[in-house]
Amino acid sequence: MNELRAARSLTTLPVVTLGGDVVAQVKDTLFDTAAGRVTGFTLSGRGLLSGPLKQSLPWTAVHSLGHDAVMIVDAGALAETTVAVARREAQQGRVLHAKVLTDEGAEVGTVLDVVVEGGTSGRVVGFRIAAGKGLAQGSGRRRHRVYVPRGETLTVTGRALVIPADATRYVADDLPAFAARVGAFHAGRKGTPP
């Protein structure tokens, strides 16, 4: 499995051509929640005072999502994007602050971030959530933050995210441990003991 990245950590990553030219930086990450994949990025110019660009970067044009940059073949990979299309795609991927429910009806927390697999897949593998009392023990004043895997099917209504109940057995406190838990979750779903 490639390195896992929190979607919020992608904001401000430089978009770099294979020739080494920095052409933009990531502003927002867009998702297709039904498919569980990144569909692209909205962009801004480089620098503190640079505003949003009229161009976006579709996932199909991404050569690789790395730790330090989003790599593209050349600047021709950027595509003109109308505001309406960008808004519609962003609406489809809006999961932050949604309640997390299991398919058995238990509320287990609230979405803080989306976890994406780096490399070339753009696959959403899980979520960072503020865990509810049923999922993580601890002080009620300080919510415990954990990572939970995404199931193969995913329901997002804008107010709620529904995950398989068995995903709650594979939570992790940090991203490095979460990568192993995602693998165990998927192995367990295929009938292999976790």
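This is a predicted model: local features need pLDDT of at least 70, side-chain atom pairs count only at pLDDT 80 or more; totals for chains, interfaces and linings use all residues.
Let me start with histidine 186, which, once its neighbours within four places in sequence are set aside, is in contact with Arg123, Arg150 and Glu152, contact here meaning heavy atoms within 4.5 Å. Histidine 186 sits in helix H3, where helices (H or I, at least four residues) and strands (E, at least two) are DSSP runs numbered from the N terminus. Its relative accessibility is 17%, so histidine 186 counts as buried, given that buried means under 20% relative accessible area, exposed over 50% and partly exposed in between, with a 1.4 Å probe and protein chains only.

Residues are numbered from 1 along each chain as its sequence is written, and side-chain values use heavy atoms, with hydrogens and water left out.

Now to the aromatic pairs, of which the structure holds three; rings of Phe, Tyr and Trp (its six-membered ring) pair if their centres lie within 6.5 Å, and planes under 30 degrees apart count as stacked, over 60 as edge-to-face and the rest as tilted. In one of them, phenylalanine 41 and tryptophan 59 have ring centres 6.1 Å apart and planes at 55 degrees, so this pair is tilted. Because phenylalanine 41 belongs to strand E4 (residues 37-44) and tryptophan 59 to the loop between E5 and E6, the pair ties together parts that are 18 residues apart in sequence, and both residues are buried. Tyrosine 170 and phenylalanine 185 have ring centres 5.5 Å apart and planes at 70 degrees, so that pair is edge-to-face. Tyrosine 170 is buried at a relative accessible area of 3%, and phenylalanine 185 is likewise buried, at 1%.

What about the nonpolar cores? A nonpolar core is a set of buried Ala, Val, Leu, Ile, Met, Phe, Trp, Tyr and Cys residues joined through side-chain atoms within 4.5 Å. The largest has 37 residues, and those with the most contacts inside it include Phe41, Leu57 and Val70. This core draws at least three residues from each of domain 1 (8-93) and domain 2 (95-191), the bounds coming from an automatic or database domain assignment.
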